[in-house]
Amino acid sequence: MDEYSRFVDWDKMDVSAQSQDMKELSCTDFHELKQLARQGYWAKNHSLRAKVYHKLISNIPCRTVTPDANVYRDIVVKIIGKRNSSSLPLPEFVDNSLIPTYCLNAEGIGAVRKIILCISNQFPDISFCPALPSVIALLLHYSKDEAECFEQVCRILACNDPSKRLIDQTFLAFESSCMTFGDLVNKYCQAAHKLMVAVSEDVLEVYSDWQRWLFGELPMAYITRVFDVFLVEGYKVLYRVALALLKFFHKVRAGQPMESDSIQQDIRAFVRDIAKSVSPERLLEKAFAIRLFSRKEIQLLQMANEKALQQKGITVKQKRQNVHLAVHAENFKSEIVSVKEMRDIWSWIPERFALCQPLLLFTTLEHGCSLSRFYSHSEGHEPTLLLIKTTAKEVCGAYLSTDWSERRRGGNKLSFFGTGECFVFRLQPEVERYEWVIIKHPELASTGSETENHAEPASSTLSSSSIPSDPSDRLSPFLAARHFNLPSKTASMFMAGSSECIIVGGGDGQALYLDADLNHGRTSHCNTFNNQPLCSESFQISILEVWGFRD
């Protein structure tokens with residue numbers, strides 16, 4: 001055994017997968033390192049992986065004063081003394097998290113608690129960090145002693161590179177990451193999201209478990225492969241793998257009865273036993289096959305969600321507001337949708353707005369069929385929800401990300417605005433949500449100029465000149481440009497309004513046109529994606545409602 005075996009119980013380790021051939025790692029090029037990490041270059045030699053971890057962590061840019069191994073040796077006796085570490089209470093910031101033992105021996109299991117307590121002493125600014133026990137336990141397998149492991153964890157915690165986010169250390173950061181994960185599931189794992197909505201009263205509570213799937217439930221052979229890539233590529237890898245886990249869970253469990261009373265428990269059990277259905281290589285392959293992912297996209301979503309939480313004063317741990325509280329049966333009344341249908345819609349909207357409650361702004365039953373009154377009641381609110389019931393009892397609508405006052409920017413000319421967070425949907429006769437066309441079908445973005453010349457106005461997409469040439473720098477079109485001080489060319493087109501009509505759509509070729517009298521409407525449907533139409537091609541409006549979002 002090697003010098004990094006002190007805390008390892010080799011009876012638990014998969015020694016058969018360990019190559020005895022000692023390889024070296026001399027490359028420093030990021031792209032080459034990324035490929036080697038994804039391929040598992042250092043995964044089959046324990047000593048090599050330990051040395052690579054040490055090298056990668058040593059290169060993390062840190063605060064000027066970061067506790068090191070010598071600090072640990074100085075403080076561990078003062079903090080622990082002769083007491084048994086298992087009898088000492090853990091700091092509140094680990095939130096009663098699981099302390100995975102992985103393949104640690106008895107000495108290693110005790111060392112995890114000692115290192116947590118010493119980190120608590122040196123990092124008083126940490127207020128919430130449930131992933132910490134798992135990270136410490138993992139690194140102990142590849143450390144010569146406790147002090148070395150302590151120093152490596154400290155460097156991860158003290159990283160001061162704003163572009164290299166590693167571990168959440170506050171409740172605000174953790175909670176916004178859960179909301180961001182929910183946003184990403186809603187966009188990229190729609191089948192799984194639909195299942196979560198169907199079987200869970202609180203989808204946000206399910207998604208708040210996403211870090212536990214990785215740092216708690218995932219077996220050693222899997223989390224080490226994830227950690228290999230994480231140290232090279234950063235936080236976005238965690239989102240990718242968690243999304244892949246959810247995709248596999250849906251694929252394996254779809255159509256089967258739940259094994260417990262809680263979908264959370266079922267997902268945890270699936271992740272713990274993932275070796276029965278998915279190999280580590282297949283998991284990573286699935287994770288990196290997910291499209292439309294960029295570091296900028298994650299950072300911007302995280303910023304938006306943190307801002308929403310701060311505005312609501314949610315910066316410390318408290319009970320999350322679930323969708324049943326946001327759409328409360330006693331306080332909600334619509335002539336178009338039921339409470340259950342409104343909750344379904346609420347599960348589709350971005351997480352930062354799912355914290356809000358619906359507020360009725362306009363209804364033709366009370367305010368009449370006047371487009372000017374529609375604008376006067378809707379302007380000043382962002383986002384809004386449009387609901388329509390036709391005389392044929394069809395129900396459709398749209399989630400609109402941008403204030404209708406933006407229509408004035410085009411003067412008298414009908415101009416498009418809005419972002420790719422917008423979507424149109426149908427509730428009756430069948431439920432269907434139509435994604436914005438460039439998000440669901442990114443290949444269409446490259447033919448934007450052609451679309452402008454030949455398609456209906458509402459199906460316009462971004463012209464090729466408005467998409468950055470380098471795909472790695474491309475911002476997701478569902479992020480609102482003006483929220484993040486981005487150049488206007490990154491904005492998208494989804495909504496249009498004038499004194500004569502309203503146009504909403506473009507999602508999956510679906511577009512909705514409403515006349516000025518708000519009595520008649522029509523839809524345009526592109527057959528490219530073989531979707532059912534939003535509603536009848538031409539229809540009469542029975543009731544129209546506009547809903548805002550109340551804090």
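Modeller: Arginine 282 is partly exposed, with a relative accessible area of 31%; here buried means under 20% relative accessible area, exposed over 50%, and partly exposed in between (1.4 Å probe, protein chains only). This is a predicted model, in which local features need pLDDT of at least 70 and side-chain atom pairs count only at pLDDT 80 or more, while totals for chains, interfaces and linings use all residues. Residues are numbered from 1 along each chain as its sequence is written, and side-chain values use heavy atoms, with hydrogens and water left out.

Arginine 282 forms a salt bridge with glutamate 285, their closest N and O atoms lying 3.7 Å apart; the term denotes a side-chain nitrogen of Lys or Arg within 4 Å of a carboxyl oxygen of Asp or Glu. Both residues belong to helix H14 (residues 280–287), and because they are three residues apart, about one helical turn separates them. Helices (H or I, at least four residues) are DSSP runs, numbered from the N terminus. Glutamate 285 is exposed, at 52% relative accessibility.

By this rule the model has 21 salt bridges. One of them joins glutamate 107 to arginine 6, at 2.7 Å from N to O. That pair links distant parts of the chain, 101 residues apart: glutamate 107 lies in helix H4 (residues 106–122), arginine 6 in the segment before helix H1 (30–39). Glutamate 107 is partly exposed at 36%, and arginine 6 is partly exposed at 41%.

Arginine 165 pairs with aspartate 168 in a salt bridge, with 2.3 Å between the closest N and O atoms. Aspartate 168 is buried, at 4% relative accessibility, whereas arginine 165 is partly exposed at 27%. Finally, salt bridges link Arg212, Glu217 and Arg272 in a network.

Technical notes: Helix = DSSP H or I, 4+ residues; strand = E, 2+ residues; numbered from the N terminus.
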